[in-house]
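Student: I have a model open and would like to work through some of its local features. Can we go one question at a time?

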Amino acid sequence: MEQSNYTGVQPNCTARFFFKKSMPTSKNALLRYAVIDACLRRKAHRWTFEKLRREVSTVVGEQSGEGGDISIRTLREDLKNMRSGGATGYDAPIAWDAENGYHYSEEEYSIFNNPLTIDDLVVLQQALGALEQLQGLGISEELHGVVQRLEMRLSYQDGLNERVVLQFEQPANVQGQQWLSQLYTAIKNQQTQWLTYQPFHAPEARREVVHLHLLKQYNGRWFVIGQRHGRLPGASVFALDRIQGVAPSEERYQQSEDDPTTFFANLIGMSVLPRAALLDIKLRFSANRLPYILTKPLHSSQQVDIAEGEEIVRLKVVPTRELITLLLGYGADVEVIEPVELRNQIQMELARALENYQLTTR
């Protein structure tokens, strides 16, 4: 018996194993396309519209567990979407005539044999950066071949053009990625680790046991968050590029009392300032800068108030070094209104920066 080119779609069009029984309704369209494809590839069978509709209804009912017939309108839309110019991008050569019914006019066609489209390539290229970042987690061997093939395919496609029309930012090869696999495994297996760590301004490295809870990437750098053994409860942040050594510890692992993924919900960045508390921050942006802030919020807590005819941007965050750097980066386009402590800090930083540009006699 001739086998389908797509795993799971059987030659009798039933597609019994294409999706699990718990397939979400949102995937029904994919299953319908698969069944239609399998049916139309059976050249010896004459598919009328009604026979095709009944077969699709049967398979979708079995696989989704929802039952019910596929409507005439739904099948018509599916055929339209699969054909050239349709929403699926399959460009399927679906034909109909009185003798053969519905069939593929191209002998070897299948929606699963379709090459990548340029839209597919764009999506895959966007994913490459994330895949590359994951290579340090111990699955690089599995991903390397996939990434290489995608890059070759994209390079070939780009070479067909006379000029480059699409360019992506490449992920930086930052230090510390060699620790990703070991730290990832320790968190997954709930095993404490000895970390040899040297902060930027420390004269030497320190070695201590840490209960690791979360790996997080921010601004092109990797960080690991955990609880120092024997210290008061509270998360500590370690930059992977400052780690000098990682080794297993025999100390019993302690889970975090709070959800690690919420550690940074009230932060911009990773570096919590000493004695920092949640602040209600009010910012006034220039008319030229404000539209950019409104379309790309600084933080998920961002709100806009109307005060005396002008728009005031409000944030509810814990002050961090990254927040200070962010505000300084806007220069004269932003004014910190409240709180006074943050306003004074920004003012002092700007004054110090101005001193660097004062004319002096040399």
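Student: Which residue just after helix 8 takes a positive phi?

Tutor: This is a predicted model, so the angles are those of the prediction. Helix 8 covers residues 321–329. Just after helix 8 comes a residue with a positive phi of about 55°, and that residue is G331.

Student: Which residues of helix 8 are buried?

Tutor: A residue is called buried when its relative accessible area is under 20%. In helix 8, the residues that count as buried are E322, L323, I324 and L327.

Student: And what covers the buried residues of helix 8?

Tutor: Contact here means heavy atoms within 4.5 Å. The cover of these buried residues includes strand 4 (206–218), strand 8, strand 10, strand 11 and helix 9.

Student: Where does P339 lie?

Tutor: P339 is joined to E338 by a cis peptide bond, with omega about 0°. As for its place in the chain, P339 lies in the loop between strand 11 (334–338) and helix 9 (340–355).

Student: How many bridges join strand 8 to strand 10, and do they run parallel or antiparallel?

Tutor: Strand 8 is made of residues 279–285 and strand 10 of residues 310–317.

Student: Which residue in the turn between strand 9 and strand 10 has a positive phi?

Tutor: Strand 9 (residues 303–307) also pairs with strand 10, in the antiparallel sense over five bridges. Within this pairing V304 stands opposite V313 in strand 10. The two strands form a hairpin with two residues between them, and the turn residue with a positive phi, about 55°, is E308.

Student: Why do the buried residues of helix 6 line one face of the helix?

Tutor: The buried residues of helix 6 are L180, L183, A186 and I187. Seen down the helix axis, they line one face because they fall within an arc of 135°.

Student: What is the relative accessible area of D91?

Tutor: D91 is found in the loop between helix 3 and strand 1 (94–97). Its phi is near 50°, a positive value in a residue other than glycine. D91 is partly exposed, and its relative accessible area is 43%.

Student: With which residue does the side chain of D78 make a polar contact?

Tutor: D78 is in helix 3 (residues 72–82) and counts as buried, at 2% relative accessibility. Leaving aside its neighbours within four places in sequence, D78 is in contact with R32, Y33 and I36. The side-chain polar contact, at 2.5 Å, is with R32.

Student: How many aromatic pairs are there, with ring centres within 6.5 Å?

Tutor: Rings of Phe, Tyr and Trp pair if their centres lie within 6.5 Å. By this rule, the count of aromatic pairs is five.

Student: Why is the pair of F49 and Y102 called tilted?

Tutor: An angle under 30 degrees would be stacked and one over 60 edge-to-face, with the rest tilted. The ring centres of F49 and Y102 are 6.2 Å apart and the planes are at 55°, so the pair is tilted.

Student: How many residues apart in sequence are the parts that F49 and Y102 tie together?

Tutor: F49 belongs to helix 2 (residues 49–64) and Y102 to strand 2 (residues 101–104). F49 is buried at 18% relative accessible area, and Y102 is buried at 14%. The pair therefore ties together parts whose separation in sequence is 53 residues.

Student: Which residue has its charged end over the ring of F49?

Tutor: A charge counts as sitting over a ring only within 6 Å of the ring centre. At 5.9 Å from the centre of the F49 ring, the charged end is that of R76.

Note on methods
Residues numbered from 1 in each chain as written. Predicted model: local features only at pLDDT ≥ 70, side-chain atom pairs only at ≥ 80, totals over all residues. Heavy atoms only, no water. Phe/Tyr/Trp six-rings, centres within 6.5 Å; stacked < 30°, edge-to-face > 60°. Helix = DSSP H or I, 4+ residues; strand = E, 2+ residues; numbered from the N terminus. Buried < 20%, exposed > 50% of the residue type's maximum accessible area, 1.4 Å probe, protein only. Lys NZ or Arg CZ within 6 Å of the ring centre and 35° of its normal. Polar contact = N/O pair within 3.5 Å; in protein donor to acceptor, adjacent residues only side chain to side chain. Arc of directions from axis to C-beta. Pairing = 2+ DSSP bridges.
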